[in-house]
Amino acid sequence: MKAGVLYSGGKDSSLAAIMLGTYFEVELNTFVFDPARLIPSIERAAQALGFPLKKRVFPHGMAEEMAEMVISCGYPNDAINRIHRTAIETLAGEYEVVGDGTRFDDRVPMLTREQVQSICGRTGRTYVRPLLGYMRTDVDRLVDRFLLVEYGETGTIANGDYESEIRAAVRARGADPAALFPPHHEQSLVVGTKKAINN
C-alpha cells in the first residue's frame, strides 16, 4: 500500500519517511506555491533516501491569501497550519495513507485532533504521524544515527518548508516578514544518509 508523505527535505520529514517505509510503499510529496520553482536540493534529499518524489503545486492565489492572513494576524501560525491542512487534504485525495514529520513538541504545523478526525472521516483515509510520540531530543538522536543534515536559518536552506515562500509573499505585499515571523528559526536539509540506514 502506498503512503504519501509530506516532504520538505528536512530531517523530520525524512525520518518519518524512513519509519513509514518499513510498512508502506512511500512516495514523497513536496508542495510549492510557484509552479516554476525548482527544487533540486529536495530532489537530492529524496534520492538519498531512495524514495520517489512528486512536486505538487498549491492552488493559484493561495500564497497571497496566506500572506494576507499572516499580516492581519500579526503572526504566521494560523496560515502555516492552514497550508499544512490543505496539503494533507490534497494527498488524502490520492493516497490511502498520508504521513508527515510533525513531532510531539511541534506547535506549527500541527493539526488538532478534531481536524485530523474531520479529514479522515470525510476522505476515508488515514493520517499517520510516526514522530508524534517523539520529542525533539529523541528525533535528533535518530537523525544523528541515520542522516547527514545541513542546518541554517529560514531562507538560507533550500528546503521545502512552507515558510520561505510565505515570507516572500509577505515581502511582495510590502510588509517586513522579520516583524511577523519568529527570529532564529532553524531549518534543516538532508544531504545524505549514513550506512546504518541500509543495515
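I take helices and strands as DSSP runs, numbered from the N terminus. The model I am reading is predicted.

**Entry: Val108**

I looked up where Val108 sits and found it in the loop between β4 (97-99) and α5 (113-123).

**Entry: helix α2**

I went through α2 (residues 40-49) and noted Ser41, Ile42, Ala45, Ala46 and Leu49 as its buried residues. Why do they lie on the same side of α2? They cover an arc of only 140° around the axis, and that places them on one side. The general rule is that an α-helix has 3.6 residues a turn, so residues three or four places apart point the same way. On the face turned away from the buried side I found the exposed residues Arg44 and Gln47. I asked what covers the buried residues of α2; the cover includes α1 (11-20), β2 (25-32), β3 (53-57), β6 (147-153) and β7 (186-193). After α2 comes Gly50, and I noted its positive phi, near 85°.

**Entry: aromatic rings**

I counted aromatic pairs by the ring-centre cut-off of 6.5 Å and got 3. Ring pairs join Phe31, Phe33, Phe58 and Tyr162 into a cluster.

Conventions. Residues are numbered from 1 along each chain as its sequence is written. This is a predicted model: local features need pLDDT of at least 70, side-chain atom pairs count only at pLDDT 80 or more; totals for chains, interfaces and linings use all residues. Side-chain values use heavy atoms; hydrogens and water are left out. Buried means under 20% relative accessible area, exposed over 50%, partly exposed in between (1.4 Å probe, protein chains only). Helices (H or I, at least four residues) and strands (E, at least two) are DSSP runs, numbered from the N terminus. The arc is that of the directions from the helix axis to the C-beta atoms. Contact means heavy atoms within 4.5 Å. Rings of Phe, Tyr and Trp (its six-membered ring) pair if their centres lie within 6.5 Å; planes under 30 degrees apart count as stacked, over 60 as edge-to-face and the rest as tilted.
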